Amino acid sequence: MGGEDYRDRFEDIDWDDMQRSGLDSLTTQTAGFLASLGVVALLLVYDYVVVANDGPTFTTPFEWDVTQLDWLLVVTLLTVVFFAVYPLYDNPRMSRRYWREFRKNRAAVVSGVFLVGIFGLGLVGPLFIAKPDLNVLAQYQPPVFLSVPESTVGTCVGPVSDGMCHGTWQYPLGTTGQGKGIMKSVIYGMRVSLEVGLITPLIIIIIGTAVGTVAAYSGGIVDELLMRYVDIQLTFPTFFLYLLLLYLYGGTLFLLIVIFGITSWGSTARLVRSEALQRREEEYIQAAQSAGASEFWVIRKHLVPNVSNTVITNASLLIPSLILFEAAFSFLGLGDPTVPSWGQVISAGRSDIDTAWWISTIPGVFLFTTVLALNFVGDALRDALDPRAED
């Protein structure tokens, strides 16, 4: 090996110096993420100190009163961009390999396009569309191109002919018994599903990965204590904890997401620990230890990246379950009454299924197709990220 290349050999790296270097050792990925978090922190201070309760956080180019959940969603999206999307951009060869495996599942490709549309509309739609408002005069309006007997509706908004009330583009998907537009409710339901499907798994991944890798690498009493705590947590009735907090503080989507995020990471921690135990015996881990790398360095640079495929696959399979949980809570009236969600609209139309079938059916179809699409994508991701797949 000629020149001065010998100084780049793995065993000659000064690990202590690299760990002391601080900002000098930051990658572009990490630096960009931290800078973005800094901007978010400044905007958060502006929202809670400067604006306070005087009005919406932003008024141009659109009016947006940023909530706690919105801030969490912004941080989650930044995390996805810098730690999921950016690595794919930075490593095109790996991206091509994943895409080659992923597109073998045509149902997953179609599902992916569908989910991009659903979650994209859920992300930007509420910024431009007002929440569905109560209008008892417009109750039970049928979807456009359909008609119902005029006696079914309150006051027919669309044209009337031969005693039949026809749908109108003012309410493309019809209205509920309270006169709320179903299309607006469905779009806001997309936002709710996006928040539940991204924020909650992120909390689960962060805590579960940290606990699983630390337990696997440390072993001994640390491993024993962490895993026994996981065993206890897995038997803890999260549902009853949520009911208690619901009774004390009222039901909010923020509360639901946080409670299920911080109490549902046990199975992820077990899965990560199992994978990390195998990785701990690899030669590159032993080489890093022999070179004097600290426990934190080995976990962050070697264990976490090498269990990331397992974590991503697990998260993709968690998302549909979490969306169904939220819909079930809303259907039972245990969700946030101020936030339109699919479960809430389905519940609103359950007693009118004979005369106004569209109230429950339309959001039910969106819920079903979204969960189905997520399962297709999750299965395809599991196959694409499998390191045993042929190149």
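This is a predicted model: local features need pLDDT of at least 70, side-chain atom pairs count only at pLDDT 80 or more; totals for chains, interfaces and linings use all residues.
## Basis

Local features need pLDDT of at least 70 and side-chain atom pairs 80 or more, while totals for chains, interfaces and linings use all residues. Residues are numbered from 1 along each chain, and side-chain values use heavy atoms, without hydrogens and water.

## Salt bridges

The structure holds nine salt bridges (a side-chain nitrogen of Lys or Arg within 4 Å of a carboxyl oxygen of Asp or Glu). One of them joins aspartate 223 and arginine 273, with the closest N and O atoms 2.8 Å apart. This pair links distant parts of the chain: aspartate 223 sits in helix H7 (residues 220-234), arginine 273 in helix H10, 50 residues apart. Helices are DSSP runs (H or I, at least four residues), numbered from the N terminus.

Aspartate 223 is buried, at 12% relative accessible area. Arginine 273 is partly exposed, at 22%. Buried means under 20%, exposed over 50%, partly exposed in between (1.4 Å probe, protein chains only).

Glutamate 195 and arginine 191 also form a salt bridge (3.8 Å, N to O). Glutamate 195 is buried at 4%; arginine 191 is buried at 9%.

## Helix pair

Helix H10 (residues 266-280) packs against helix H12 (residues 295-331) at about 150 degrees, with axes 9 Å apart. H10 is therefore roughly antiparallel to H12 (angles over 145 degrees). Axes are lines fitted to C-alpha atoms over the stretch in contact, and angles run from 0 to 180 degrees between N-to-C directions.

## Loop

Asparagine 53 lies in the loop between H2 and helix H3 (68-90). Asparagine 53 is exposed, at 81% relative accessibility.

How values were computed
Helices (H or I, at least four residues) and strands (E, at least two) are DSSP runs, numbered from the N terminus. Angles under 35 degrees count as roughly parallel, over 145 as roughly antiparallel, 65 to 115 as roughly perpendicular and the rest as oblique.
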